[in-house]
Amino acid sequence: MPKKHQLSRREFVATTSILVAGAQLGLTAPPGGPADKLAVDGGPKAVPQPFPKPVRWGEPELAQLAEAVKQPSLYY
């Protein structure tokens, strides 16, 4: 009896992880499919919203930096 095509575990994980990541980012296929123009050529953007900028410094780090700058000498 011939077997139907079955995905390997590796193929299944790769396929589903790509789909989940795309869904989390809100990515969808453009209306006309992949043959449409690229965004650089006037087509729709692949990711419509800009990525949020990460917070580099929190309040504790900024307070420590302010204390270091206020010292008469930066050498301990």
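Hi everyone, let's start with one term: a residue is called buried when its relative accessible area is under 20%, exposed when that area is over 50%, and partly exposed in between. Keep that in mind as we look at this chain, which is a predicted model.

First, the overall picture. The secondary structure comes to two helices and zero strands. Buried residues make up 4% of the 76 residues in the chain. The accessible surface is about 7800 Å², and 64% of that belongs to carbon and sulfur atoms.

Now the helices. Helix α1 runs over residues 9-25, so 17 residues, and from its first C-alpha to its last it reaches 24 Å, close to the 24 Å expected at 1.5 Å a residue. After α1 comes Gly 26, with a positive phi near 80°.

Next, the loop between α1 and α2, where we find Gln 49. Is Gln 49 buried, partly exposed or exposed? Its relative accessible area is 42%, and because that lies between 20% and 50%, Gln 49 counts as partly exposed. Along the chain, Gln 49 and Leu 25 are 24 residues apart, and their C-alpha atoms are separated by 9.4 Å.

On to helix α2, residues 59-70. Its 12 residues should span 16 Å at 1.5 Å a residue, and the end C-alpha atoms are 17 Å apart, so the two values agree. How many of the 12 residues in α2 are buried? The count is zero, so this helix is hardly covered.

Technical notes: Residues are numbered from 1 along each chain as its sequence is written. This is a predicted model: local features need pLDDT of at least 70, side-chain atom pairs count only at pLDDT 80 or more; totals for chains, interfaces and linings use all residues. Side-chain values use heavy atoms; hydrogens and water are left out. Helices (H or I, at least four residues) and strands (E, at least two) are DSSP runs, numbered from the N terminus. The expected span of a helix is 1.5 Å times one less than its number of residues. Buried means under 20% relative accessible area, exposed over 50%, partly exposed in between (1.4 Å probe, protein chains only). Accessible areas come from the Shrake-Rupley method with a 1.4 Å probe; for residues, only the protein chains shown count as cover.
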